[in-house]
Amino acid sequence: MSETLNDLLENFANNIRVGRSIKRLSQRELAVLAGVSSQTIGNLEQQKTMPTLKVVAHVADALSRPPIEMLQQFNLFGERVGEPPLVECVEASLAAEAATG
């Protein structure tokens, strides 16, 4: 199953909402933890903006999740669905960004 960029954005939005729900965080509280504005969190949840890898990493960290999991689709049992073809590229980009600061 191939995932498009829109699918990855939808996964990210869904995972932010689920993560906030699990941690019982408001958009504002998550924004503070991630170092972004609450408007950014709202836009990400509504898929109105394209996140940078840095934002993906900060939001994931604030939700105590690996960044790559934020882009993946999960079923109702918390099991990963499919394997996005961009996963390896994103993992490599995140690792390179972390290494350079």
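Two residues are in contact here when heavy atoms of each lie within 4.5 Å. With that in hand, the structure can be explored. The structure is a predicted model, in which local features need a pLDDT of at least 70 and side-chain atom pairs count only at pLDDT 80 or more, while totals for chains, interfaces and linings use all residues. Residues are numbered from 1 along each chain as its sequence is written, and side-chain values use heavy atoms, with hydrogens and water left out.

The chain holds 5 helices and 2 strands, where helices (H or I, at least four residues) and strands (E, at least two) are DSSP runs numbered from the N terminus. Read from the N terminus, the order of elements is α-α-α-α-β-β-α. The predictor's confidence in each residue is given by pLDDT, on a scale from 0 to 100. The average for the chain is 83, and 76% of the residues score at least 70.

Of the 101 residues in the chain, 34% are buried; buried means under 20% relative accessible area, exposed means over 50%, and partly exposed is in between (1.4 Å probe, protein chains only). The accessible surface comes to about 6300 Å², and carbon and sulfur atoms account for 53% of that surface. Such areas come from the Shrake-Rupley method with a 1.4 Å probe, and for residues only the protein chains shown count as cover. Among contacts between residues at least 6 apart in sequence, 60% join residues at least 24 apart.

What lies inside? In soluble globular proteins, nonpolar side chains tend to be buried together. A nonpolar core is a set of buried Ala, Val, Leu, Ile, Met, Phe, Trp, Tyr and Cys residues joined through side-chain atoms within 4.5 Å. The largest such core in this model has 18 residues, and Phe12, Ile16, Leu30, Ile41, Val59 and Met70 have the most contacts inside it. Two or more residues come from each of α1 (5-23), α2 (27-34), α3 (38-45) and α4 (53-62). The largest contribution to this core, 5 residues, is made by α4.

Leaving aside neighbours within four places in sequence, Ile16 is in contact with Leu30, Ile41, Leu44, Glu45, Val59, Leu63 and Met70. Ile16 and Leu44 are 28 residues apart in sequence, yet their C-alpha atoms are 8.2 Å apart in space. Helix α1 also contains Asn15, which counts as buried at 15% relative accessibility. The side chain of Asn15 reaches the backbone oxygen of Met70 at 3.0 Å.

How are the buried residues arranged around a helix? An α-helix has 3.6 residues a turn, so residues three or four places apart point the same way. In α3, the buried residues are Ile41, Gly42, Leu44 and Glu45. Seen down the axis of α3, these residues fall within an arc of 165 degrees, so they line one face of the helix; the arc is that of the directions from the helix axis to the C-beta atoms. They pack against α1, α2 and α4. Thr40, also in helix α3, counts as partly exposed at 25% relative accessibility. The side chains of Thr40 and Ser37 are joined by a polar contact of 2.9 Å, meaning a pair of N or O atoms within 3.5 Å; within protein, one must be able to donate a hydrogen and the other to accept it, and residues adjacent in sequence count only if both atoms are side-chain atoms.

In α4, Val55, Val56, Val59, Ala60 and Ala62 are buried. Their arc around the axis covers only 160 degrees, which puts them on the same side of α4. The cover over these buried residues includes α1, α2 and α3.

Finally, the backbone deserves a look. Most residues other than glycine have a negative phi, and most peptide bonds are trans. Arg24, in the loop between α1 and α2, has a positive phi near 55 degrees and counts as exposed at 76% relative accessibility. Ser64, in the loop between α4 and β1 (73-74), has a positive phi of about 60 degrees and is exposed, with a relative accessible area of 51%. Gln47, which follows α3, has a positive phi near 55 degrees.
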